Amino acid sequence: TSKIRRDDQKRAITVLADIDTREANVYRVTERLKRKFSNVGSHFPGYRVVVKGERQEIAESLASLPQISVIALLLIYFILGSLFKSFIQPLIVMATIPFAVDGVIIGHLIMGDPLSFLSMMGLIALAGIVVNDSLILVDFINRSRSEGVPRDKAILASGVARLRPVLLTTVTTVGGLIPLAFFATGQAKFLSPMAVSVVWGLSFATVLTLILIPCLYAMVDDLTAVFRRLLGIPTVPFPPISEADLT
């Protein structure tokens with residue numbers, strides 16, 4: 001028997017379909033549908049095509065993502081601030097996050113995939129990884145300076161001493177996610193955008209971390225020294241992170 005179905009108190013006909021993820025994704029298919037039926041109202045007054053389902057869920061999730069990202073960044077900043085006992089050094093550590101974002105965007109362009117909700121979730125996870133790489137560099141510099149090592153020598157020594165831990169973090173993470181990012185099939189393909197974000201973003205951020213963080217540290221230290229001289233405040237090196245701070 002025929003039935004009259006309603007959606008938002010209006011008569012509606014629901015068309016359900018599954019997407020072959022080997023040929024396309026939700027974003028591409030729904031965009032083509034919207035273009036195809038964009039002028040349906042002019043040909044059939046009173047009718048319109050509304051795309052819902054997974055596309056609607058993705059749009060709703062993306063709408064709340066900026067607030068989640070801001071909260072995550074603030075939490076990272078306050079945690080780093082409590083560890084370094086500084087308002088400035090957390091910004092140095094977090095400076096690699098924008099470069100990780102560049103890696104994510106470039107990676108999706110190369111792969112030919114649009115940014116999706118899972119891509120953004122991978123970016124949030126990526127922020128924690130790249131912050132960890134920067135953290136060990138800055139902490140090593142602080143520890144060396146607290147032992148009387150000149151700043152420039154401490155910066156150079158940090159690159160040599162922390163090169164292997166940083167590269168190991170990148171190699172193990174990227175190596176473990178490469179199969180999911182590039183060779184996923186079936187249901188695992190659903191998680192591929194998140195793996196693509198981590199692989200490309202971490203690869204870009206690692207190279208830039210080893211160059212950018214030491215340079216930023218020196219620049220911030222010089223500017224801090226200038227302001228301290230102008231205000232008559234004695235210059236004191238940043239303290240290292242103690243074991244008690246980490247427990």
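**Close-up 1. F227 out in the open on helix 9.** In this predicted model, F227 is exposed, with a relative accessible area of 53%. Its place is in helix 9, which runs over residues 192–231. F227 also belongs to a nonpolar patch on the surface, together with L223, V226, L230 and L231.

Close-up 2. Helix 7 takes in residues 151–161, and its buried residues are R151, A154, I155 and S158. These sit on the same side of helix 7, because they cover an arc of only 100 degrees around the axis.

Close-up 3. Searching the whole structure turns up 2 aromatic pairs, and Y77 with F78 is an edge-to-face one. Here the rings are 5.7 Å centre to centre, with 70 degrees between the planes. F78 is exposed, at a relative accessible area of 56%.

**Close-up 4. F182 and F183, a tilted pair.** Among the aromatic pairs found in the structure are the rings of F182 and F183, with centres 6.4 Å apart. Their planes stand at 55 degrees, so this pair counts as tilted. How accessible are the partners? F182 is partly exposed, with a relative accessible area of 33%, while F183 counts as exposed at 61% relative accessibility.

Technical notes. Residues numbered from 1 in each chain as written. Predicted model: local features only at pLDDT ≥ 70, side-chain atom pairs only at ≥ 80, totals over all residues. Heavy atoms only, no water. Patch = residues over 30% accessible without salt bridge, like charges linked within 9 Å, V, L, I, M, F, W, Y side chains within 5 Å. Areas by Shrake-Rupley, 256 points an atom, 1.4 Å probe, with all protein chains shown as cover. Salt bridge = Lys/Arg side-chain N within 4 Å of Asp/Glu carboxyl O. Helix = DSSP H or I, 4+ residues; strand = E, 2+ residues; numbered from the N terminus. Buried < 20%, exposed > 50% of the residue type's maximum accessible area, 1.4 Å probe, protein only. Arc of directions from axis to C-beta. Phe/Tyr/Trp six-rings, centres within 6.5 Å; stacked < 30°, edge-to-face > 60°.
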